[in-house]
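Thanks for asking me to look this over with you. Here are my notes, written as numbered points so that you can follow along on your own screen.

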Amino acid sequence: MLNQIVMNRVSKMNLTTLKYFISVASLGSITEVAKEAYVSQSAVSKTIKQLEEEIGVELFDREGRTIKLNQQGKLFYSYVSDSLNLLDRGIKAVQGSKKH
């Protein structure tokens, strides 16, 4: 039951979405993230907007070409960053365990 609730809540959210979020927050630029990811600026922008719509909260303050995390974004950033770091540790752990 709990897994179903969690899966429904993050149905469209994926690792790429979360990595774009972390990158935009860190770089403060959708354009730079798009360049690094070899995708269009509109693809990154659309992904961020879809993430905000999915969780029902704006994560960034936008003024002209400037984009920066707002309070909700900073809170979400801490959870996403921790989650991605934990996932990375899990991948390294299982990769290390197959050597034994």
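Predicted model: local features only at pLDDT ≥ 70, side-chain atom pairs only at ≥ 80, totals over all residues.

**Notes on the model**

1. Which residues of H3 are buried? They are Ile 30, Val 33 and Ala 34. Seen down the axis of H3, these buried residues fall within an arc of 100°, so they line one face of the helix. The general rule behind this is a handy one to learn: an α-helix has 3.6 residues a turn, so residues three or four places apart point the same way.

2. Next, step back to the whole chain. The protein chain has 5 helices and 2 strands, and along the sequence they follow the pattern α-α-α-α-β-β-α. Of the 100 residues in the chain, 25% are buried. Take the contacts between residues at least 6 apart in sequence: 50% of them join residues at least 24 apart. The accessible surface of the chain is about 7,400 Å², and carbon and sulfur atoms account for 54% of that surface.

3. How much space lies in it? The answer is about 170 Å³. Its lining is made up of Ser 29, Ile 30, Thr 31, Gln 41, Ser 45, Arg 62, Gly 64, Arg 65, Thr 66 and Ile 67. Helix H3 (30-37), helix H4 (41-55) and strand E2 (66-69) each give at least two residues to this lining. Sorted by class, the lining has 6 polar, 2 nonpolar and 2 charged residues.

4. Thr 17 is worth a click. This residue sits in helix H2. Is Thr 17 buried or exposed? Its relative accessibility is 9%, and the cut-off for buried is under 20%, so Thr 17 counts as buried. Setting aside neighbours within four places in sequence, Thr 17 is in contact with Lys 12, Thr 47 and Leu 51.

5. You will find Leu 75 in helix H5 (residues 71-97). With a relative accessible area of 52%, Leu 75 is exposed, as the cut-off for exposed is over 50%. Leu 75 and Leu 59 are 16 residues apart along the chain, and their C-alpha atoms are separated by 9.0 Å.

6. Finally, please check Tyr 38. Where does Tyr 38 lie? Its place is in the loop between H3 and H4. Tyr 38 has a positive phi of about 55°, although this residue is not a glycine. Tyr 38 is also exposed, with a relative accessible area of 77%.

Technical notes: Residues numbered from 1 in each chain as written. Heavy atoms only, no water. Helix = DSSP H or I, 4+ residues; strand = E, 2+ residues; numbered from the N terminus. Buried < 20%, exposed > 50% of the residue type's maximum accessible area, 1.4 Å probe, protein only. Contact = heavy atoms within 4.5 Å. Areas by Shrake-Rupley, 256 points an atom, 1.4 Å probe, with all protein chains shown as cover. 1 Å grid on protein atoms, 1.4 Å probe; cavity = no way out; pocket = protein on both sides within 12 Å on 5 of 7 lines; lining within 4 Å. Points joined across faces, edges and corners; volume = space filled by probe spheres on them. Nonpolar A, V, L, I, M, F, W, Y, C, P; charged D, E, K, R; others polar. Arc of directions from axis to C-beta.
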